[in-house]
Amino acid sequence: MSNITNQSLSEILESIKSKKISSLELTQAYIKNIENAKKLNAFVTTTFDQALENAKKFDNKPNNEQLLSGVPLAVKDLFCTENVKTTAGSNILNNFVPSYESTVTKNLWNNGAFLLGKLNCDEFAMGSSNETSFFGNVINPVGDHLVPGGSSGGSSSALAADLTPATIGTDTGGSIRQPASFTGTVGLKPTYGLCSRWGIVAFASSLDQAGPMTKTVNDCSIMLEAMSGFDEKDSTSINKKKETYSKNLKDNIKGLKIGIPKEYRVDNMPKEIDELWEKGKKILKDLGAQLIDISLPHTKYALPTYYIVAPAEASSNLARYDGVRYGYRSQKGKDLIEMYENTRSEGFGDEVKRRILIGTYVLSSGYYDAYYLKAQKVRQLIKKDFDDSFTKVDAILTPSTPSSAFKIGEKTNDPVSMYLNDIFTVPVNLAGLPALSLPAGLDKQGYPLGLQLIGKALDEQKILNIGYAFEKNCGYKNEIKKWWS
Amino acid sequence: MSKEKFDYFINGEKGKYEVVIGLEVHAQVLSSSKLFSGSSTKFGADPNKQVSLIDSAFPGMLPVINEECVKQAVRTGLGLNAKINNYSVFDRKNYFYADLPQGYQISQYKNPIVGEGKVLLDMPYGSKEIGIERLHLEQDAGKSIHDMDPSSTYVDLNRSGIALMEIVSKPHLRSPDEVNAYIKKLRTIMRYLGTCDGNMQEGSLRADVNVSVRKVGDKNFGTRCEIKNVNSIKFMQMAIEYEANRQVELLEDGKEIDQETRLFDTKKNETRSMRSKEDAHDYRYFPDPDLLPLKLEQKLIDDLKKSLPELPDNKKERFIQEYGLNSYEANVLVSEKEISDYYEEVAKLSDKKLAATWMMGDLFAMLNDKGLNISNSPISAKNFAELVQSIKSGEISGRIAKEVFEIMVESGDNPKKIIESKGMKQQSDPKELEKIINEILSKNKDKVDQYKAGKEKLFGFFVGQVMKLSGGKANPQLTNEILKKLLKG
């Protein structure tokens, strides 16, 4: 039983169902792992007592009909959790305890899971390395000097280090897929509107989407099934019938057309990434898929477009953190304006401030047309590129990131090089499409690398199926040494 | 109805100025819950008792449009003869204030739900059309209370998120009187529609007033000032009066008018500068990504149109045609839906013209006196109609009717009952009247002789005596006839 925590979610579920292990034993095993992994700094808050209580409750009256029966889960600290502190990685929410539960986490609990703790993340999900968190940076279990990716870096680190059987993150420009890629795990950003945004601390409303982070594609389909669904409390939620992704998971991808976009071969891309991509193509081809060269001509504008749209929305979304009603309030200042200034100066970190400034600037009178409006137009073109391609192909294969995990501190003084790490993930958010990052290999240093499968809107099942077939034939094995315990 | 001439001008040394006014009216939508949350909108609750997590902008909270508010805006648009836009967009208007929890107000900027329309005003100098530029939906802010504590400001968010309709007029108004008529007309239309209660004391109707002046005959508008958030018609009129004169004085002195936002100080009766154009907020409007564009099916608009009640302009025409009222009477009787309903009930059961006269006279005077409105009138429409019919049929005289009316107000009783029990019925039996008249004539033989000798003024004396003797119940017309006959004889 000691090895239960390095199994996949579906294996764990099977063990619980067959009573090979109790929910309490499972929970205790994770608690032990978490306590031994403080060095990784993956958790902001742990809810052990509550988790043990829930585990006992489950064991007393097991209900194995649910998707996530008796499983403890840690979640990104961007999801509001009832009566459990929710910080979004920020000082400004350092003392914030919501009285409500986000729809996505509530869906998980309604499917039999319970909360194990809250995972560190970049402040307000703004970052690609989990170095902007007020609670300190998170370490990648792959190596003690490596970032776990971001913004869902606590999630990727905890998952790869066996601190949670699966987890959820949010992805605004790659915040699930890039950390998944850096830690050799599976990450899915669903179609915009598939998972409710209600109760998730907002970064950029038109881009934010919650999604699963798991060890296997099958786990990913289970988690997606549990967390997704229409929510009338989110006006951008898609009203459609719920799908049973795990039951419908198939590994036959014969005859599927896979698009290979030429624009994703960028300058100075490491040779290893190119080789990884070639390897991916070969695996899919060998499985009977047909490779088709496609063009997504506006790809090069995606990153600048993203860095206008996302900060614009963020500058407005973060206006509510003013110290008036909840959260951190500075004690300094002689009037309302000074209270605002001090609260926000002390409450927000540098990266958040940088983006609020950019966002405020691009929405300002005289600049709106040149930046925000133009970015919205380009966004439509990027979306159209994908729409056009999907008349010819079933899915698109690209690398997830232009590099493997970089060193802690390597890019903190160069925001643009940090932003460039999202170059392959950002277009998907702008187009609102689903995309799956799969562990596909290691670079010469032995660090994980990921490949990304992009699907049509609401075509999650198809990319999960392709990923499932790929996973079986890729031979990727996560061999993380537990150096921290 | 004398046709007066429009005469609101300001005379300066250098010329005669006209005042150009445009209004941005903020009308609170009549709906049980707020624009984007389920919180109650009831007035007068304890502070912060009607506030949801959405209204107070907690992390992760999302707005969901309240359909009823959308329908109310469409109804109002239809009532203003306006174009309803099938596609409209909610935008964020960004600014910081303690009583604005989100740090932005959700409003409609480039694509409002209602486009151009018009409102007809009845002015003494004829009817005047005021153009409506647009109507859009937006959230109200909360309330900052600065005088409860010397060092702190308190915030009440009950109002935060309540739906407002901002109705923007074209700069077509030219005097405080027209502003008065315009606000009242808007209020009447919205009350007919049931889309806004128009209660200015409770802040359901407020306005930003844009004022500029120009020399009579000038084609171009002068520089305008906006007077923010005025909450009574009287204050609007005072503010306009002050502001227009201030601007004329500046121009007369050869100075320029700064485009600025001003506040009306109700205590000092003056406007004062709040912020100049340079300090104007940059609201950084952009489409709210939490809300999809609002797309209205034509069928919804058509259905709402079909279900609209008869509106004041149409009702007025009908009252003139159907009840033979003049324009003035019709105007007064359609000014409130409840009044028009009352009138129609009375008119169905009694003489239409007489009913109008008595309603606008004694009934309104009494209601006004008692501070009541028609819906809580102590006299029911049915009883009032009976009273009118009693007058019309000659059962009681107008003078007696006033007495009956007083008793009706006190007791709420049916007029027939009052007339019978108090024996107030008019004496219309010629024989009885002859008896009374003969008695008076025989008692006043000297006066009869004087009358016959040509002192015809004495006729009034005889009438008075008849009334006195009959306790005021003698039918005046019959009395006249019989008196004349007997005096001749």
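## Where the chains meet

The contact draws 33 residues from chain A and 26 residues from chain B. The model is predicted. Three helices of chain A each supply at least two residues to the side that touches chain B: H9 (302–317), H10 (336–347) and H11 (350–363). H9(A) gives the most, with three residues.

What is the side of chain A that touches chain B made of, by class? It has 15 nonpolar, 10 polar and eight charged residues.

## Helix H3 of chain A

Helix H3 of chain A covers residues 48–60. It has 13 residues and reaches 18 Å from its first C-alpha to its last. That is close to the 18 Å expected at 1.5 Å a residue.

Four residues of H3(A) are buried: A:Ala51, A:Asn54, A:Ala55 and A:Phe58. Seen down the helix axis, the buried residues fall within an arc of 105°, so they line one face of H3(A). They pack against helix H2 (23–35), strand E2 (72–76) and strand E3 (114–119) of chain A. On the other side of H3(A), A:Asp49 and A:Asn60 are exposed.

## Domains of chain B

The domain assignment divides chain B into domain 1 (10–304), domain 2 (310–421) and domain 3 (430–488). The C-alpha centres of domain 2 and domain 3 of chain B lie 33 Å apart.

How many residues of domain 2 of chain B are in contact with domain 3 of chain B? Four residues of domain 2 meet four residues of domain 3. By class, the domain 2 side of this contact has one nonpolar, two polar and one charged residues.

## Strands of chain B

Three strands of chain B form an open sheet in the order E5-E4-E15, with antiparallel pairing. The edge strands are E5 (104–107) and E15 (286–287), and each pairs on one side only. Strand E4 (residues 91–94) is joined to E15(B) by two bridges. In E15(B), B:Phe286 is the bridge partner of B:Arg92.

Strands E6 (residues 117–123) and E7 (residues 126–139) of chain B also run antiparallel, joined by seven bridges. They form a hairpin with two residues between them. B:Leu121 stands opposite B:Lys128 in E7(B). Strands of a sheet pair through backbone hydrogen bonds, either parallel or antiparallel.

## Helix H3 of chain B

Helix H3 of chain B runs over residues 233–252. At 1.5 Å a residue, its 20 residues should span 28 Å.

Which residues of H3(B) are buried? They are B:Met236, B:Ala239, B:Ile240, B:Glu243, B:Ala244, B:Gln247, B:Val248 and B:Leu251. Viewed down the axis of H3(B), these buried residues fall within an arc of 155°, so they line one face of the helix. After H3(B) comes B:Gly254, whose phi is positive, near 75°.

## B:Ala401 in helix H10

B:Ala401 is found in helix H10 (residues 398–411) of chain B. Is B:Ala401 buried or exposed? B:Ala401 is buried, because 22 other C-beta atoms lie within 10 Å and the cut-off for a buried residue is 20 or more.

Leaving aside neighbours within four places in sequence, B:Ala401 is in contact with B:Leu387, B:Ser390, B:Ile391 and B:Ile396. B:Glu202 is 199 residues from B:Ala401 along the chain, and their C-alpha atoms are separated by 39 Å.

## Helix H12 of chain B

Helix H12 of chain B spans residues 430–443. Its 14 residues should span 20 Å at 1.5 Å a residue. The end C-alpha atoms are 20 Å apart, which agrees.

B:Leu433, B:Ile437 and B:Ile440 are buried in H12(B). Down the axis of H12(B), the buried residues fall within an arc of 60°, so they line one face of the helix. What covers them includes helix H14 (458–469) and helix H15 (476–488) of chain B. The face of H12(B) turned away from its buried side carries exposed residues: B:Lys431, B:Lys435, B:Asn438, B:Ser442 and B:Lys443.

Terms used: Residues numbered from 1 in each chain as written. Chains lettered and ligands numbered in written order. Predicted model: local features only at pLDDT ≥ 70, side-chain atom pairs only at ≥ 80, totals over all residues. Contact = placed C-beta atoms within 7 Å. Nonpolar A, V, L, I, M, F, W, Y, C, P; charged D, E, K, R; others polar. Expected span 1.5 Å × (residues − 1). Buried ≥ 20, exposed ≤ 12 C-beta atoms within 10 Å, placed from the backbone. Arc of directions from axis to C-beta. Domains from an automatic or database assignment. Pairing = 2+ DSSP bridges.
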